Amino acid sequence: VVVIGRRCRNITATQVFDYVAGYPVAWFGFDRAIFLSRIVLALGYAASLTYFFKSFNLSVLEGAAVLIVFHLAGEQLMGGEWLFRAPESKTIAYVFVFLAFGLASHGRWLAAIVACAAAAWFHFLVGGFWGLVIVAVHYLTVRERIPPLKGLAAFLLLLSPLFYIIAREQSSTAGPGPGGLTVNQIYSGFRVVHHVAPFSLTPP
């Protein structure tokens, strides 16, 4: 991990998404990049959700009904978050998460863990949380300790370089911006306050 970290001193925790988002903008311009990225994201969701729904033997109509109800309910899990509106790090991560759900439903636990690790490299909280959930479900399904522990070890190993990168970033101090506010104060206090207090506001 230390060797990888030294070689990747300039990599940030969002590096993978920065490449995915940055190169299309550089090649095609912002508007066209957004247009093309939405198409690619829709195809990714179509593939991963199809695999997930087929693991429950849902028909096309039943799968469409699930998506329609989810959309009408606000496309939210908690905190005003949404899944399908635009390409960003979390929406790409959920493509891999739905793939992981399908793999887990088929009993392919290690492949599901790898998919969640890929999701975490796009969005650490999304992939990290659902990866741990899949490890827990694996244990509750097989009622054995060794296979889930192997899956957890593989998950942590795949994310170990990311742990190093995030720890290095969080240990560095960000200087105050204009007005004497730090980046963390601006982000959590003004821009996306619902991330730190998801139940504090009355829903619109």
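Start by selecting H6 and H7, whose axes come within 6 Å and cross at roughly 165°. Since angles over 145 degrees count as such, that makes H6 roughly antiparallel to H7. Keep in mind as you look around that this is a predicted model. The crossing of H6 and H7 is left-handed.

Now show the side chains where these helices meet. From H6, pick out Trp109, Ala112, Ile113, Cys116, Ala119, Ala120 and Phe122. Across from them, H7 brings Phe124, Gly127, Gly128, Trp130, Gly131, Ile134, Val135, Val137, His138 and Thr141. Colour the contact of H6 with H7 by class and you get 12 nonpolar, five polar and no charged residues.

Next, click on Ile134. What does Ile134 contact, leaving aside its neighbours within four places in sequence? The list is Ala100, Phe101, Trp109, Ala112, Ile113 and Cys116.

From here, widen the view to the largest nonpolar core, which has 33 residues. Ile134 is one of the four members that touch the most others, along with Tyr45, Tyr94 and Phe98. Which helices each supply at least two residues of this core? Select helix H3 (30-54), helix H5 (89-105), helix H6 (109-122), helix H7 (124-142) and helix H8 (146-171). H5 gives the most to this core, with 10 residues. In soluble globular proteins, nonpolar side chains tend to be buried together.

Stay on helix H5 and select Ser89. Is Ser89 buried or exposed? Ser89 has a relative accessible area of 15%, and since the limit for buried is under 20%, Ser89 counts as buried. Its contacts, again skipping neighbours within four places in sequence, are Phe17, Phe122 and His123.

Most residues other than glycine have a negative phi. Asn57 is not a glycine, yet has a positive phi of about 60°. You'll find Asn57 in the loop between H3 and helix H4 (60-72). At 69% relative accessibility, Asn57 counts as exposed, because the cut-off for that is over 50%.

Then jump to the loop between H7 and H8, where Arg143 lies. Arg143 is not a glycine either, and its phi is positive too, at about 55°. With a relative accessible area of 58%, Arg143 is exposed.

Note on methods: Residues are numbered from 1 along each chain as its sequence is written. This is a predicted model: local features need pLDDT of at least 70, side-chain atom pairs count only at pLDDT 80 or more; totals for chains, interfaces and linings use all residues. Side-chain values use heavy atoms; hydrogens and water are left out. A nonpolar core is a set of buried Ala, Val, Leu, Ile, Met, Phe, Trp, Tyr and Cys residues joined through side-chain atoms within 4.5 Å. Buried means under 20% relative accessible area, exposed over 50%, partly exposed in between (1.4 Å probe, protein chains only). Helices (H or I, at least four residues) and strands (E, at least two) are DSSP runs, numbered from the N terminus. Contact means heavy atoms within 4.5 Å. Axes are lines fitted to C-alpha atoms, for helices over the stretch in contact, and angles run from 0 to 180 degrees between N-to-C directions. Angles under 35 degrees count as roughly parallel, over 145 as roughly antiparallel, 65 to 115 as roughly perpendicular and the rest as oblique. A crossing is left-handed if the near helix is turned anticlockwise from the far one by less than a right angle, and right-handed if clockwise. Ala, Val, Leu, Ile, Met, Phe, Trp, Tyr, Cys and Pro count as nonpolar, Asp, Glu, Lys and Arg as charged, and the others, Gly among them, as polar.
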